[in-house]
Amino acid sequence: MDWKDTSRILRADTRMTSLSDLKTEHPKWVHRCAILLACTTFPLIWVGGLVTTYDAGMAVPDWPNTYGYNMFLYPPTTWLSGPWDLLIEHGHRLLGSLAGLVAIGLVCVALKFERRRWVKALCLLALGLVIAQGTLGGIRVLAADRAIAKVHGCVGPAFFGLSVCIMVVTSRGWVRRLPLDQRNLKPATWALTLVILGLAYAQLVLGANLRHINLESDPFVFRAIVLFHVIGAFAVWFHGLLLRRRLRRVSLPQGLKRAVALLTLVLTLQLGLGLGTWVVKWGWPMTWGQTSWLTGWVVPAKSMFQANVVTFHVATGSLIIALSVWVCFRLARVTNFSRISLPFGRIKGVPA
Amino acid sequence: MRYTGSLLLTLIVCVAGCTPPPEFRQNAVEVKKLELQTLGEEEQFAAGQLEDIGSFLTAAFGTPDEPDFPGLVEDDPEVNLVTQEHLVSAAGPVASLEDGEAQGLYREHCVHCHGISGDGSGPTSAFLNPYPRDFRLGKFKYKSTPLNVPPTQEDLRRILKNGIPNTAMPSFRRLPDEEIDALVDYVKYLTIRGRTERDLLSILAEDPDPALDFIASEEQFEAADEAIEAAVESGDEEPYPPLFGPNDVVDEVVFPQVDQWFEAVDSMTEVPQRPVELSPGHPDRDMWIARGKDLFFSTGACVQCHGKLALGDGQVDDYDDWTKDWMKTLGIDPAETERINEFVGLGAMPPRNLIPRNLRLGNYRGGSRPVDLYLRIKNGIEGTPMPAAAVSLTSDDIWSLVEYVRQLPNESLSQPAVQQPVNERAPR
């Protein structure tokens, strides 16, 4: 055996050791890929929101090509120096493709390094969802149908939530779970995160219905959706505050408490943004009082200010979904589910 | 796998629901109103006659995706009230070309409030106050022309650019002039289409004989002529000839409206120079403003609606013409919920009292320039209880009123109350 053989064996050994560590302890690369996916998805959602705000969805009439070019070969100078609608729509497509590539990378890394089958399934689901989302976007363009844009607007945040979920379940905090006797969170408190998540997503669906309303729909349908959207906003906010209050006396990692604080902060911000969206879209309602300043307000159509407020509101909705997923999964690891008492007895398989 | 794409598409369309292209809606409120006025509670116009009107409107004005306008001259666009180019860029679904040219402007900027048919009942309209304008009545509030005369191109352009403060009507000042003009043309198009429909329904209501062919095609006319000749020869009772051909409707109903729009510029109200006595610092200024105040309470009769303190708390139980058009015409009491709901179900907006402007806030929906206030007082505000100035009021009188109104926000009564130390104990 010469020195080259020895070196090859040593290198192989080292690689095996490190791979083994990754598999058993903490699948770092899967986690990193999931972070990258979430970080790619958020700007994608933001730009997607801008596309709807500016009604730029039909700025590129073909798909998957862009004005006859392969999407990736469309001349950058024409794109960057072109009209605003083209800039954001084509940018949205490129960002979407990037998210798709990252999702493919995530699946490859997960299949190689991840041991847990359900996490692999989640990664595959993410890939399926991003492909479906891209297809939906394409069909929306080819069919020129706003109803499909509504579904497209609802799937995007769900995908963002899923990427955050993968990020959490591949993190060190998830892998190194606490022993049962150190988990001091009541299941009822944890269930609040599910309520927040459910309500936040319902809010998002209502919001998508408002943004992509059928042009011939009854005015009273729109009014009802607005009403439910406003009630829902306060319901999510209230549950956020309730969760924070319940967690105040529970001993939790500092990072987790900060995440919950951030969630309530973002929920409060979202209320303000919702109010702002109303004002920049429809003006100050007369019932809010009549002062010289309020009565002089003119709604600024298609201004940067209006577009930014509305899109900020949309993107923050997705951010709430992501934070809710994060808090929900992280709190699940410190929740003592054995304390669930059901009228028909204990859940089978849950240790006492 | 070959069918996976098709299956996916079918599934998505099933879940999302395929959206058919939008269509102009029949003015069901007007139909119901005229039926109640002329036929009675249980009777209705013959479906065929209403279809005649619908078919004529489609033939003459096209559809929301492919609009048309009667009598457009292709070779000389200058003689047209609206241009086909503007209609095409304003109509249809929202899109934009690679060079940035926008299409579907009306659906991008206006349809959510004003609706596809321009009936003011778009999806967002129910919670807006005031309700979005229903163009079909042909009335516009803020313009430089007298009552019952259409606004000028510039009037509509100004409203689109400046928006209307304290309402949901936004300012489109960021849109290029070409797009503003396209929207103005489309508003004219919807107005004339809507008024044509109303006029045809009124003609139908004058003679609602179901046996009558209301609007017939050339072929139907020829067939009717033959039937009449045959009846004469055989000595039978002669059938009625059709009332109108499409060209008759265009000549007698559409073109007179087009002429009115063309002539609006000639009817613009002349605004004389503001008297020098009203310039800031002039010794007689206060006297002229006091004269305006007198007129506010006397000949001007402003006090009746705007109230003694000009807070807009005078007459607050009146309605605008869009509500009165069906509610007051039929003598429906606002408390008759069932009857009101019947009309709301047909597309009318629920009645809402029109509150006069609080003049102490210093903001006016039709514009805050002195000339805007002059025009509002001189011509009134169409579609609202705000009347045109009495004939006896001279231009100097109107300018005095304008200045009196303009200084109202500066009066001490209009300023926020200063907190008084009411509980402070008097020194012993």
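A residue counts as buried if 20 or more other C-beta atoms lie within 10 Å of its own, as exposed if 12 or fewer do, and as partly exposed in between. The model to which this criterion is applied here is a predicted one.

Because Gly362(B) has 17 C-beta neighbours inside 10 Å, it is classed as partly exposed. When neighbours within four places in sequence are left aside, the contacts of Gly362(B) are Ser292(A) and Pro409(B). As for its position relative to another part of the chain, the C-alpha atom of Gly362(B) is separated by 51 Å from that of Gln49(B), the two residues being 313 residues apart along the chain.

Consider next chain A as a whole. Its secondary structure comprises 12 helices and zero strands. Of its 352 residues, 39% count as buried. Among the contacts in chain A between residues at least 6 apart in sequence, 79% join residues at least 24 apart.

The domain assignment divides chain A into domain 1 (26-176) and domain 2 (183-286 + 304-339). Taken over C-alpha atoms, the centres of domain 1 and domain 2 of chain A are separated by 22 Å. Their contact draws 22 residues from domain 1 of chain A and 20 residues from domain 2 of chain A. On the side of domain 1 of chain A that touches domain 2 of chain A, helix 2, helix 6 and helix 7 (172-175) of chain A each provide at least two residues. Which helix gives the largest share of that side? Helix 6 of chain A does, with 12 residues. By class, the side of domain 1 of chain A that touches domain 2 of chain A has 14 nonpolar, six polar and two charged residues.

Helix 2 (residues 28-53) and helix 6 (residues 146-169) of chain A meet at an angle of about 160°, and their axes are 8 Å apart. Because of this angle, helix 2 of chain A is roughly antiparallel to helix 6 of chain A. The crossing of helix 2 of chain A past helix 6 of chain A is left-handed. Residues of helix 2 of chain A in this contact include Ala34(A), Ala38(A), Phe42(A) and Gly48(A), while those of helix 6 of chain A include Gly153(A), Gly156(A), Phe160(A) and Met167(A). In the contact of helix 2 with helix 6 of chain A there are 12 nonpolar, seven polar and no charged residues.

Chain B contains 16 helices and two strands. Along its principal axes, the C-alpha trace of chain B spans about 110 × 70 × 50 Å. Buried residues make up 40% of the 428 residues in chain B. Of the contacts in chain B with a separation of 6 or more, 67% are accounted for by residues 24 or more positions apart.

In chain B the domain assignment gives domain 1 (19-268) and domain 2 (276-318 + 353-414). The centres of domain 1 and domain 2 of chain B, taken over C-alpha atoms, are 35 Å apart. Each of the two domains of chain B gives 12 residues to the contact between them. The side of domain 1 of chain B that touches domain 2 of chain B has six nonpolar, four polar and two charged residues.

Helix 3 (residues 47-61) and helix 10 (residues 246-263) of chain B pack at an angle of about 80°, with axes 11 Å apart. Helix 3 of chain B is therefore roughly perpendicular to helix 10 of chain B. In this contact Phe56(B), Ala59(B) and Ala60(B) of helix 3 of chain B meet Pro246(B), Val249(B), Val250(B) and Val254(B) of helix 10 of chain B. The contact of helix 3 with helix 10 of chain B has seven nonpolar residues, no polar residues and no charged residues.

Key: Residues are numbered from 1 along each chain as its sequence is written. Chains are lettered from A and ligands numbered from 1 in the order in which they are written. This is a predicted model: local features need pLDDT of at least 70, side-chain atom pairs count only at pLDDT 80 or more; totals for chains, interfaces and linings use all residues. Domain bounds come from an automatic or database domain assignment. Two residues are in contact if their C-beta atoms, placed from the backbone, lie within 7 Å. Ala, Val, Leu, Ile, Met, Phe, Trp, Tyr, Cys and Pro count as nonpolar, Asp, Glu, Lys and Arg as charged, and the others, Gly among them, as polar. Axes are lines fitted to C-alpha atoms, for helices over the stretch in contact, and angles run from 0 to 180 degrees between N-to-C directions. Helices (H or I, at least four residues) and strands (E, at least two) are DSSP runs, numbered from the N terminus. Angles under 35 degrees count as roughly parallel, over 145 as roughly antiparallel, 65 to 115 as roughly perpendicular and the rest as oblique. A crossing is left-handed if the near helix is turned anticlockwise from the far one by less than a right angle, and right-handed if clockwise.
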